Amino acid sequence: MKRLPWALLFVLALSGPLSGLTEAAKREPKNPKEDVEAIGNRNVGKGANFYSIEKEIALGRQLAQEVERQAKIVDDPVIAEYVNRVGQNLVRNSDARVPFTIKVIDNEEVNAFALPGGFFFVHTGLIRLAGSEAELAGVMAHEIAHVTARHGTRQATRGQITNLASIPLIFLGGGIGVAARQAAGLAVPLTFLKFSRNFEREADFLGVQYLYKAGYDPAAMVEFFERIQAQEKNKPGSLAKIFRSHPLTENRIARVQKAIDELLPDRPEYVVDTSEFAQMKTQLAQLHAAGGKQDNDPKRPTLRRNPSGSTVPAEDNGQASEAEKDERPRLTRH
């Protein structure tokens, strides 16, 4: 039998342990919230809560109606359908126990917020700042996590227990609680939008898991955090007050990166960006260039879903280019 050179044998001996080094570095989940494989079967909303799921949904619907009475909702089909689809994909890969209604608000503040019960609003300013679909999805995943962990009603319950606020009186109207009805310029009690630092950390922790579970590059959440840090430095006041209430410190970014490094198994490829994201941002830019006027012309081309899952104008009769018919592009990270 021909003997292999000792140097080659040494390399082969090392190759087995080294190939599994990355996965070995991932520690075993210490609790259900760390078990990515169990997403969807975890009760992440445990804690004192005076609100049943049904009451939470009813409360969120009432608050959402207040938002929609004051805000300008974008009904452009390209923008609205795309943002909703990205969000619903994240919801399907989360611990959500409620259905989500996702809408876009025409507002240049960099902001997004999810109300109790799954009523979710994304500002156009946030969409315009995002550098990729994965970055946009990262922010949306964070907000979805607030809902899945029931942060809004759990925080309201804490306020009632300590007699710091009387939430029922806020909804009865009148002068009581008026001062609490100012968040991002909308008549929504701060109780449901401004969370404790612990809740913000938990939303980051769960949100990056949902981002990963949906197939996105989890590093995009860190990249967006760094992007809005730079945005606030270069253009002070461009972030919504709610966004600025919890500074994006290096520690917060480091915690998300630690969760990625320790808990999320490596994958050969992730979704980073798509042509649909670019198309949607172009449409948004055109909408703003036109002064925000939305075209309600009944003769305007409508949208339909082709078999590949991409969105094309109905008048194309399925004759879109092969590139348009391709599945969502996936970029490989090495």
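Begin by selecting M140, which touches V83, V86, G87, L90, I102, F120 and V122 when residues up to four places away in sequence are not counted; contact here means heavy atoms within 4.5 Å. The model you are looking at is predicted, so local features need pLDDT of at least 70 and side-chain atom pairs count only at pLDDT 80 or more, while totals for chains, interfaces and linings use all residues. Residues are numbered from 1 along each chain as its sequence is written, and side-chain values use heavy atoms, with hydrogens and water left out.

Buried means under 20% relative accessible area, exposed means over 50%, and partly exposed lies in between, computed with a 1.4 Å probe on protein chains only.

**The strands**

Next select strand β3, residues 119-123, in which 5 of the 5 residues are buried; helices (H or I, at least four residues) and strands (E, at least two) are DSSP runs, numbered from the N terminus. On one side of β3 you will find F119, F121 and H123, and on the other F120 and V122, and both faces are covered.

Which strands pair with β3? Strand β1, residues 101-105, pairs with β3 in the parallel sense over 5 bridges, whereas strand β2, residues 112-115, pairs with β3 in the antiparallel sense over 4 bridges; two strands pair if DSSP finds at least two bridges between them. To follow the pairing residue by residue, look at F120, which has I102 opposite and is also the bridge partner of A114, and then at F121, which is the bridge partner of F113.

Select β2 itself, and you will see that both of its faces are covered too, with A112 and A114 buried on one side and F113 and L115 buried on the other. In the hairpin of β2 and β3, which has 3 residues between the strands, G117 takes a positive phi near 85 degrees.

**Helix α3**

Now select helix α3, residues 53-70, whose 18 residues reach 26 Å from the first C-alpha to the last, close to the 26 Å expected at 1.5 Å a residue; the expected span is 1.5 Å times one less than the number of residues. Its buried residues are I53, E56, I57, L59, G60, L63, A64 and V67. Seen down the axis of α3, these buried residues fall within an arc of 160 degrees, so they line one face of the helix, where the arc is that of the directions from the helix axis to the C-beta atoms. The face of α3 turned away from this buried side carries the exposed residues E54, K55 and R69.

Stay in α3 and select E68, which is partly exposed, with a relative accessible area of 32%. Leaving aside neighbours within four places in sequence, E68 is in contact with I73, K103 and F121. Although E68 and K103 are 35 residues apart in sequence, their C-alpha atoms are 9.6 Å apart in space, and their side chains make a polar contact at 3.1 Å; a polar contact is a pair of N or O atoms within 3.5 Å, and within protein one must be able to donate a hydrogen and the other to accept it, while residues adjacent in sequence count only if both atoms are side-chain atoms.

The side chain of R150 reaches the backbone oxygen of Y51 at 2.6 Å and makes a polar contact with the side chain of E56 at 2.8 Å.

**Helix α9**

Finish with helix α9, residues 197-213, whose end C-alpha atoms are 24 Å apart, in agreement with the 24 Å that its 17 residues should span. Of these 17 residues, 12 are buried, including F199, L206 and Y212. After α9 comes G215, whose phi is positive, near 100 degrees.
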